[in-house]
Amino acid sequence: MNSIQLRIWRGDDSSGQYHDYKTEVDDGMVVLDAVHKVQAEQAPDLAVRWNCKAGKCGSCSAEVNGMPRLMCMTRLNTLPTDAPITIEPIRAFPRVRDLVTDVSWNFRKKLTIKPFTPRKPDFPDGEFKMQQEDIERVQEHRKCIECFLCQNVCHVLRDHHKHDEFIGPRLLVYSAALELHPADTADRLKSLKDEHGAGYCNITKCCTVVCPEHIKITDNAIIPLKERIVDEYYDPLKVVLRVLGVRR
Amino acid sequence: MSQMTLPVKRSWGETQRRDAWWKTPVFVFLMLSAFLVYANIRVFEGDNYYSGHSTAEANRATNYLTPFYSPLMFEVESRAATPSGHAWLSSGRPGWLPAWLSPAALILIFPAGFRFTCYYYRGAYYKAFWQDPPSCAVGEPRNEYRGEHRWPLLIQNIHRYFMYCAVVFLFILALDAWHGLHFRKPDGSWRWGIGVGSIVLLLNVVFLSGYTLGCHSFRHLVGGHRNAMSEQAFKHKLWKCSTCLNEKHMAWAWTSLIWVAFSDVYVRLCATGTWTDFHIVF
């Protein structure tokens, strides 16, 4: 048993403050275990959202020592104990209470993206024939657990609050999963360029750094979308080729 | 119980992070600044670009052209009597060109533009030079933000055109590396050989190829633009090869940048006679 100090932010969207808690922890415990211990022994009114404790539900997102992380996947022995471990709610969304934030903006924004629009099925029963190598690329995007750590660390949302103009990395990954899908026929490039603000991303790769599913968000989702937008709107050579009928 | 309130907007550099988050942006700032200063000095030096011009007897047999001056558009006036043989314009400097402009100044816009608009370098220098943000989850100095959504940074979308030029440059630099395997005999004839400079120039092509062929735009244009890749097996193969290089794009970017500077330093040292190239002529 070791003794550690946690500095947990408590309050709601209007005000709040850090509270220090000292607690005993065992080997192998994660940050969420320590928070639960504090909740059980010292602060029964501490609000914390969690569900699977296995890094798959994306509920326990928080900022641990300033970095966006899943509390259930952050082992205490990986953190320095010479000072209190700071735990805060994620910053890009309104705080409900203590460590719980209102992430519903993401789900509302998701509805503004054109849904999957499949081509005509290959078989009478509605089945599609697809090669594994064609589908592999979008399978990476579908690993997303919607923890919104990428949205939180993205400075366009976190610091510049461009929620009305930019959909953020998570929803760009969602768009890429649809746009790069071999059976999809919808064109989302104009909305990605204009309403969803793909150009706001300045490729700092912070979203990739914090992704607990290790999705290469910038390289495999955002940049391929940016390149497709260049194809369609910023490449004069391709515009000429399209006018001449050489390209579609 | 501590009584700190949580700030809604963080000030410049403010963060709860305890790791040395500042190390990477400082490294990027120092490395890119050093490269920019060195490259500018070399571009405006206008000499010492060809090892065969050396005052050292042993180096006069070598045939190394620095990548900073390749392709060599014309021979500078001070070397007109002993031309390197690499100049594209045999007539020398065009009359309309100011005398202070070196041959390197005419061509460096292409590799410089390629790196300036590169997706990796963009992210790196936005952090290191513009603090936008200084690092992940660290407060920024400015409130206003336009990103690459509007002018002037909308111009970054020109990247693929610089990539086309960079691919052409690979062939030119490969030709220079090939020439670097030829050594001049006292009677003026050329013989096969290999020297330290030959290896330096060959590695330069290898590192630049790793960087250029793993570029995000290259990866997109060779196959990434397609959804059903299996329909074109060759393009799919190219995309997979490019993806393989792209996974280490940052490493290729730094290795090739450092090596191109080292190649220039090496050729310059040979050209000035400060360093004697070791080579074996067959």
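Modeller: Happy to! Let us begin with a term: two strands pair if DSSP finds at least two bridges between them. Helices (H or I, at least four residues) and strands (E, at least two) are DSSP runs, numbered from the N terminus. Please keep in mind that this is a predicted model, in which local features need pLDDT of at least 70 and side-chain atom pairs count only at pLDDT 80 or more, while totals for chains, interfaces and linings use all residues. Residues are numbered from 1 along each chain as its sequence is written, chains are lettered from A and ligands numbered from 1 in the order in which they are written, and side-chain values use heavy atoms, without hydrogens and water.

Now to the sheet in chain A. Its five strands make an open sheet, in the order E2-E1-E5-E3-E4, with mixed pairing. At the edges stand E2 and E4 of chain A, each pairing on one side only. On average, neighbouring strands are turned by 35° against each other, direction ignored; for such angles, axes are lines fitted to C-alpha atoms, for helices over the stretch in contact, and angles run from 0 to 180 degrees between N-to-C directions.

Look next at single pairs of strands. E1(A) and E5(A) run parallel and are joined by three bridges. Here A:Arg7 has A:Thr86 of E5(A) opposite. E3(A) and E4(A), in contrast, pair in the antiparallel sense, over four bridges. In that pair, A:Val64 faces A:Met67 of E4(A). Two residues lie between E3(A) and E4(A) in a hairpin, and A:Asn65 in the turn has a positive phi of about 50°.

What ties E3(A) to a part 95 residues apart in sequence? A salt bridge (a side-chain nitrogen of Lys or Arg within 4 Å of a carboxyl oxygen of Asp or Glu) joins A:Arg158 and A:Glu63, at 2.6 Å from N to O. Because A:Arg158 lies in helix H5 of chain A and A:Glu63 in strand E3 (residues 61-64) of chain A, the pair ties together these parts. Over all chains, the rule counts 35 salt bridges.

In total, 61 residues of chain A are in contact (heavy atoms within 4.5 Å) with 53 residues of chain B. The area buried between the two chains, meaning the accessible area (1.4 Å probe) that two parts lose on being put together, summed over both, is about 4,900 Å², and carbon and sulfur atoms give 49% of that. In chain A, the residues that lose the most area to chain B are A:Tyr18, A:Arg137 and A:Glu227, together 12% of what that side buries.

Five salt bridges cross this interface. One links B:Arg150 with A:Glu165, whose closest N and O atoms are 3.7 Å apart. Among the elements that give two or more residues to the side of chain A that touches chain B are strand E1 (2-11), strand E2 (16-25), strand E4 (67-70) and strand E5 (85-88) of chain A. The most comes from H9(A), with ten residues.
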